[in-house]
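Trainee: I am new to this structure. Please take me through it in questions and answers.

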Amino acid sequence: MQTLDEVAVAAPVKKAGLRLLLLPLVILAGMGLSVEAGLLGPLGVQVGHLWATLSIFGVGSAILFLLLLFAGPQKGPALTDLPRWQLIGGFLGPMYVVVLTLATPHIGIAMTMIAILSGQVGKSVLIDHFGWFGATRKKVNAERWLALGLIVVALVLIARG
Amino acid sequence: MSLVILLAVVVLAGAVLSVQAAINGRLGESVGVLRSSLLTFVVGAVSTGLLILFFEPAHALSLLDVPKWQLTGALFGVVYMMVMVGAVPVVGTAVATVAVIVGQLGMGMLIDNFGWLGNPAIELSGSRILAMVCLGVALVFMYRSSRQAG
């Protein structure tokens with residue numbers, strides 16, 4: 001699960017050789033996300049969307065628990081000391097996965113991914129422009145509006161098949 | 001469900017995902033990626049489990065009946081997370097995000113076109129290619145606007 005907002009906080013980094021080595025790895029990791037979505041769709045049709053979602057979060061929890069156990073002591077405050085609202089993320093993840101299993105059998109994986117990316121771009125542009133959810137209102141420049149417009153065109157193209 | 005409603009739901013899910021990523025980003029900074037991810041996954045598993053217990057109708061097949069390779073989806077998610085943790089500090093967030101999207105859409109098109117992993121085969125049509133091109137150009141604009149701001 002990644003987001004496009006990160007494009008907006010671009011930071012220049014050096015080490016050119018290592019970059020070129022790592023780039024194919026990052027592309028492979030992105031391909032993995034589509035494989036994950038590709039596995040989810042048919043699984044959801046067979047065993048139910050919520051069960052398919054549970055398989056992702058159940059297996060993920062188990063693997064991460066083992067990784068954490070062997071990674072040794074972690075820095076930072078205990079999870080129980082965190083502000084409660086920071087735990088909401090856990091409820092939002094399953095929503096996203098359920099929608100993935102619902103949508104991919106109907107519109108395919110590539111188009112589902114485009115629609116997801118549209119939501120990400122749209123959210124960041126609109127929140128900045130209108131200052132929703134208590135965000136400070138920022139001027140959204142022409143290029144980001146153009147990006148949003150192009151994404152709407154992409155969505156219309158998908159909807160028309 | 002009609003296609004337009006479905007599409008709207010998916011777009012909304014994308015917005016939800018980026019809210020989640022923003023919250024988890026903050027969480028990861030304070031407690032580390034492993035613990036923040038574990039927390040997200042456990043809360044996700046528990047809440048999905050509750051929904052299943054009370055709302056999910058019975059199905060002819062269970063998770064134990066399907067071929068095991070169909071259950072490997074989570075592995076790809078965890079590997080993705082580890083790669084990003086290692087690569088983002090070196091290649092930068094913007095480049096990493098674009099590389100992920102390239103991989104995601106490329107692989108998505110391949111799976112769709114050939115119907116891999118038990119998915120219905122959807123042939124690559126003119127409008128699908130155009131949709132990809134629109135997204136590609138949109139990404140270029142997003143990237144350029146962020147460089148101006150920075």
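Mentor: Two residues are in contact if their C-beta atoms, placed from the backbone, lie within 7 Å. This is a predicted model, in which local features need pLDDT of at least 70 and side-chain atom pairs count only at pLDDT 80 or more, while totals for chains, interfaces and linings use all residues. Residues are numbered from 1 along each chain as its sequence is written, and chains are lettered from A and ligands numbered from 1 in the order in which they are written.

Trainee: How many residues does the contact take from chain B and from chain A?

Mentor: The contact has a side on each of the two chains. It takes 103 residues from chain B and 111 residues from chain A.

Trainee: Which element gives the most to the side of chain B that touches chain A?

Mentor: Helices (H or I, at least four residues) and strands (E, at least two) are DSSP runs, numbered from the N terminus. The elements giving two or more residues to this side are α1 (3-31), α2 (33-55), α3 (73-91), α4 (93-114) and α5 (126-149) of chain B. With 24 residues, the one that gives the most is α1(B).

Trainee: How many residues of α4(B) are buried?

Mentor: A residue is buried if 20 or more other C-beta atoms lie within 10 Å of its own, exposed if 12 or fewer, and partly exposed in between, with C-beta atoms placed from the backbone. The end C-alpha atoms of α4(B) are 32 Å apart, in agreement with the 32 Å that its 22 residues should span. The helix is largely enclosed by the rest of the structure, because the buried residues number 17 of the 22.

Trainee: What pattern does chain A follow along the sequence?

Mentor: Chain A has 5 helices and 0 strands. Of its 161 residues, 53% count as buried. Read along the sequence, the pattern is α-α-α-α-α.

Trainee: Where does UniProt place the feature "transmembrane region" in chain A?

Mentor: The record is an unreviewed entry, and its annotations may be inferred rather than shown by experiment; positions follow the numbering used here and feature names are shortened. In the model, residues 20-43 of chain A are 100% helix, with end C-alpha atoms 36 Å apart, and residues 49-70 of chain A are 100% helix, with end C-alpha atoms 32 Å apart. The UniProt feature is at residues 20-43, 49-70, 91-117 and 142-159 of chain A.

Trainee: How are α1(A) and α3(A) placed, roughly perpendicular or roughly parallel?

Mentor: Axes are lines fitted to C-alpha atoms, for helices over the stretch in contact, and angles run from 0 to 180 degrees between N-to-C directions. The axes of α1 (residues 16-47) and α3 (residues 89-107) of chain A come within 8 Å and cross at roughly 80 degrees. Angles under 35 degrees count as roughly parallel, over 145 as roughly antiparallel, 65 to 115 as roughly perpendicular and the rest as oblique. Therefore α1(A) and α3(A) are roughly perpendicular.

Trainee: Which residues of chain B does A:Gly48 touch?

Mentor: A:Gly48 lies in the loop between α1 and α2 (49-71) of chain A. It counts as buried because it has 21 C-beta neighbours inside 10 Å. Not counting residues up to four places away in sequence, A:Gly48 touches B:Glu56 and B:His59.

Conventions: The expected span of a helix is 1.5 Å times one less than its number of residues.
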